[in-house]
Amino acid sequence: MMSLFTFAAGAVNGLLLGGLYAITALGFSMVFGVMRLVNIPHGEILVLGAFLSYFISPALGFDPLLTIVLVAPILFFIGYLIQRWLLNPVMGKGIEPVLLTAFALSSIAHSLFILFWSVNTRTITTRYSDQGLKLAGLNVALMYLIAFCLSVVGLLGIHLFITRTYLGKAIRAAAQDPETARVMGINVKSIYALTYAIAAGIAALGGTLIGMIYSFSPASGLPWLLKGLVIVVLGGMGSIVGTLLGGVILGVAEELGAAAFGIGYRDIIGLLIFLLVLYIRPTGLFGRSSA
Amino acid sequence: MSIRVRTNYLVIAACFYLTLSFALAVSVECAETPKEIKIGTSILLTGKGAAFGPYMKWGYSTPIDDINKSGGLYLSKYGKKLPVNLIVYDDESRPEKAAQNIERLILKDKVCALLSPAGPPTVIPTGIIAEREKIPMVAALCPIRAFLSAGKQWNYVWDVFFDELEMTEQQFLLMDTVESNRKVALFTNNDPDGVVMGNFWSKNAQKFKYEVVYHAKFPVMTTEFSDLIRRAQEGQAEIMIGQCYVPEAIALWRQMRVLGYKPKAAFFEKGGEPAEWWKANGQAAQGTCVTGYWHPSLGYPGAKDLRQRFEKETGLPYSQHIADTYAICQILLDAIRRAGSLDPKEINGAISETNKTFVVGPVKFKRGGPDGNTCGLSSVVLQWQNGETQIVYPKKLATAGFICPLP
Amino acid sequence: MPKRWMPYSLLTFCLAGLVILPYFIETYTLFVFYTLFLYISLAQSWNLLGGYSGLISLGHAAFFGLGAYATALTAKYLGFHFLSAALIGGMAAAIFSVAMAIPTFRLHGIYFAIGTIVIAEAVRLWMINWDVAGGPLGIHFPADCGTSLKGFYYVMMAIAGLATALPTVILKTKLGFGLRAIRDNEASAENMGVNIFRAKLSVFAISAFVAGITGGIHAVKMSTIEPSSIFEATWSLSTINMVIIGGIGTISGPIFGAAFFTCLAELLADYYTYQLLLTGIILVLIMRFVPTGIWGWLRKTRSVKRLGRVLFA
């Protein structure tokens, strides 16, 4: 049985990690919401962000959090190309081509990572990686707090972008009704490419944080993709608040579940939640909630 | 007959012959008189065990390079010296890859003997394949009890390493020499080493009258230890003993510091052994312990020089594993020379008769019985002090004093 | 019509060739063919789902691995002969597929595919933690279980044969027509009176069974299995690659894909990662330019048609 201390610690950590989970899932949620595309390489894009920060940060002598400013445009550019050249052409040709192309892309990325950087696991360390604070009697890692704050900032930023800017409105239009949007003069294919690019850019933040808090390797993509899936299922798409909520629910469930059943079951919990929710509400769950 | 069915069969036939000709083209023709002695191995050059890769590579290749400089190994059956060719594949620290590599070495490259990969998860499956194909394999970096836990009588695979039965007593024997609250927290991962050692530590704790307040068991490559650490803290264990890989150990130690859990003594088996451990932690690793089976200060033939030579040739700080791998290779070469031929069965017979002192100590294999095909090395306890490992137990071999509690 | 027997004799000739082959080639080539048969079995079993029923499963490794595990458990703890153990492995995989059907059949298209990935990953994580099945250590087979490489060659050849024969037979039955109707348009299929759930369930179980026994035999050959390797996503990916590259929805497509893949694997044996990379790139290119696969493209090419007519007309 769990002591109150363990429960509280688990809940707090889950909450903080939930912010991180949310920002990593945000890109995935956006792509699915706008283009109904299950972005299977999403995990690999996160890992790419981690790798880039891992190498660029010491090379330039910057703090990894600062290098996000450099990594984000790189990922943005790569994401744009992926959607424009590889995914756009096969969209609309049926389910299989898009799905399998995405699946293949994820595998290609994985192989490229191994070729460039070997299968070794890495982690991004800084002076403050080890520091903890005392929060109401509980020991909390400073990095978790930083991750939570940055994630919330990121979520807010995207929310403002989607609701306040012209581009954001164009994206929402294309998402709700591509045909009408096209008629209104919006180049839907370009919007798709842009959305994917933005999602990839956000992944720079998520990926770097992952690299700083956890370790990562070329094979780390799939687990993060699955977390993104769970969060989208829990929180719905198109809703920033929903994504944050989904992230927090997953984070807390994982922490408490790990404390209760054993640390090995940590990752299964998310998947079991996913299947449970799917079983209870198989249709409507992937429907849009009001943005 | 429709076109579709016709072309169906055409393509099937074409595929069959295509694959056939391909496979035949790719197969190697054997020469009548052998031109070289082929030995194969699969090493963890990348992956979670990559920290140990350089030691294995150097340890396995150096005796062979040396012997090739003098023209090769003399085989009485052919009346001449033949050069030794060591074929090395990377197994990424993954058992399935290692098994594939070993199968390829045996079937395609046609090696006459094998040097093992590292660690029970890879040694056991590859050992089983070597047994099936009757190719002798000498194993390094594989603790004896885990090796024997495969549950079969080994005939073609030989192991020289420490015996966990003895190794898991060292921590308690050392702690008996200092004051503590005799409460222990165990952190073991769930690969064969972790499971075997975890069991032995639990038993030995009772035997030496220590109390295990918490035993954390986690899957390999876990990255989040906070919850486990908190429980160890709750149990107020002053002694922490763990077994895991280097990345896990680094993460665990780091998180322990974040959460403010500082035991009096910390043992990091496997993870705390290579130079990588000190490099990643810096001064934070001062005082951490790991058991060892070799140290340059032990008086075996060539021991001290081995360290100098390794550090000079590779520019890397040494590790005790250069000795085990170097010795394994020596043992194999010695056996091939004594067998005088490339016949795997004869080589295997020669290995079984090994009785000589190598750089890692005296080696003679136990024959038959539950401990068959193994040779255990005695353990000492090493402690990281200022970037180097010093022997701190037993006292008569110690090169430095035991720092306790942790600074 | 003297030439009518030609295709059949060609086929028989091939089969006879395969049967006597082991006595003429050396061990490594035997191993290559064993791998070819393994791939053919997996490819055909996936093709049943993805090609003929429109069920794109991205988690096929789960059936493969569960079959391997069930085989290992029965061989080790119940002392079964490896062939019977493999049959049980296949049945275990089939039973699991039936259980899996409950949550996933409610989903369609992309969502079904995602469901399969999630379940495959959940199975992998579960087996890593389940001590009854050996946990992360996996299971070692008893030393006397199994047979020589030649024996494995024949067994896997038989399984490949079964895997190829099954779709051929099923297509001609009511189930086969029902599946193709479902693939083309599920709603109209239902209108036509096809029992969708039962059809999907049957094909799922059959496909899982084949993948299961393949996994079982492969496990016996490897002598030891463990969760991190046998459930690796690479198995799922490679299987799909083979079918797509070869030509989805045909009988000989998967065979072609398996042969292609085996040759590629041999060519790039020293460069495993390049092999993965190349298969991914090829898949992307095929999806973009030749969605019917190389076999589908070949069939339409005039020169091949002409050749076929010349040989068999």
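1. **Cis prolines in chain B.** B:Pro405 is found in the segment after S17 of chain B. A cis peptide bond joins B:Cys404 to this proline. Its omega is about 5°. A cis bond also links B:Tyr393 and B:Pro394, with omega about -5°. B:Pro394 lies in the segment after strand S17 (388–393) of chain B. Helices (H or I, at least four residues) and strands (E, at least two) are DSSP runs, numbered from the N terminus.

2. **Basis of the note.** This is a predicted model, in which local features need pLDDT of at least 70, side-chain atom pairs count only at pLDDT 80 or more, and totals for chains, interfaces and linings use all residues. Residues are numbered from 1 along each chain as its sequence is written, chains are lettered from A and ligands numbered from 1 in the order in which they are written, and side-chain values use heavy atoms, with hydrogens and water left out.

3. **Positive phi.** Which loop holds B:Arg182? B:Arg182 sits between helix H6 (164–175) and strand S8 (183–189) of chain B. B:Arg182 is not a glycine, yet its phi is positive, about 60°. This arginine is partly exposed, at 32% relative accessible area. B:Gln236 also has a positive phi, near 55°, and is a residue other than glycine. The loop between H8 and strand S10 (239–244) of chain B holds B:Gln236. At 53% relative accessibility, B:Gln236 counts as exposed. The classes are buried (under 20% relative accessible area), exposed (over 50%) and partly exposed (in between), with a 1.4 Å probe and protein chains only.

4. **Cysteines.** How many disulfides are there over all chains? The count comes to zero, a disulfide being a pair of cysteine sulfur atoms within 2.5 Å. B:Cys329 is in no disulfide. The nearest cysteine sulfur to B:Cys329 is that of B:Cys112, 12 Å away. B:Cys329 is buried, with a relative accessible area of 1%. For B:Cys375, the closest cysteine sulfur is in B:Cys142. Those two sulfurs are 14 Å apart, so they are too far for a bond. B:Cys375 is buried too, at 6%.

5. Rolling a probe the size of a water molecule over the atoms shows where empty space is left. Here there are five cavities of 30 Å³ or more. A cavity is a set of points, on a 1 Å grid over the protein atoms alone, where a 1.4 Å probe fits but cannot get out; lining residues have an atom within 4 Å of a point. Points are joined across faces, edges and corners, and a volume is the space filled by probe spheres set on them. The largest cavity holds about 330 Å³ of space. It is lined by 25 residues. B:Phe52, B:Gly119, B:Leu141, B:Asp193 and B:Lys270 lie nearest its centre.

6. **What lines the largest cavity.** Five elements of chain B each supply at least two lining residues: helix H4 (120–133), strand S7 (157–162), helix H7 (192–207), strand S11 (265–270) and strand S12 (289–292). The lining of the largest cavity divides into 12 nonpolar, eight polar and five charged residues. Nonpolar means Ala, Val, Leu, Ile, Met, Phe, Trp, Tyr, Cys and Pro; charged means Asp, Glu, Lys and Arg; the others, Gly among them, are polar.

7. **The second largest cavity.** Its volume is about 170 Å³. Of its 15 lining residues, A:Ala141, A:Tyr144, B:Glu224, B:Gln255 and B:Val258 are the closest to its centre. Chain A supplies at least two lining residues from each of strand S2 (138–141), helix H5 (142–164) and helix H8 (188–213). Helix H8 (226–234) and helix H9 (246–258) of chain B each do likewise. H9(B) gives the most, with three residues. The lining of this second cavity divides into seven nonpolar, five polar and three charged residues.

8. **Chain B against chain A.** The contact (heavy atoms within 4.5 Å) takes 21 residues from chain B and 29 residues from chain A. The area buried between the two chains is about 1,900 Å². Carbon and sulfur atoms give 53% of that area. Buried area is the accessible area (1.4 Å probe) that two parts lose on being put together, summed over both.

9. **B:Arg132.** This residue is found in helix H4 of chain B. B:Arg132 is partly exposed, at 29% relative accessible area. Leaving out residues up to four places away in sequence, B:Arg132 touches B:Glu103, C:Val220, C:Lys221 and C:Ser223. B:Arg132 and B:Asp343 are 211 residues apart along the chain, and 16 Å separates their C-alpha atoms.

Methods
1 Å grid on protein atoms, 1.4 Å probe; cavity = no way out; pocket = protein on both sides within 12 Å on 5 of 7 lines; lining within 4 Å.
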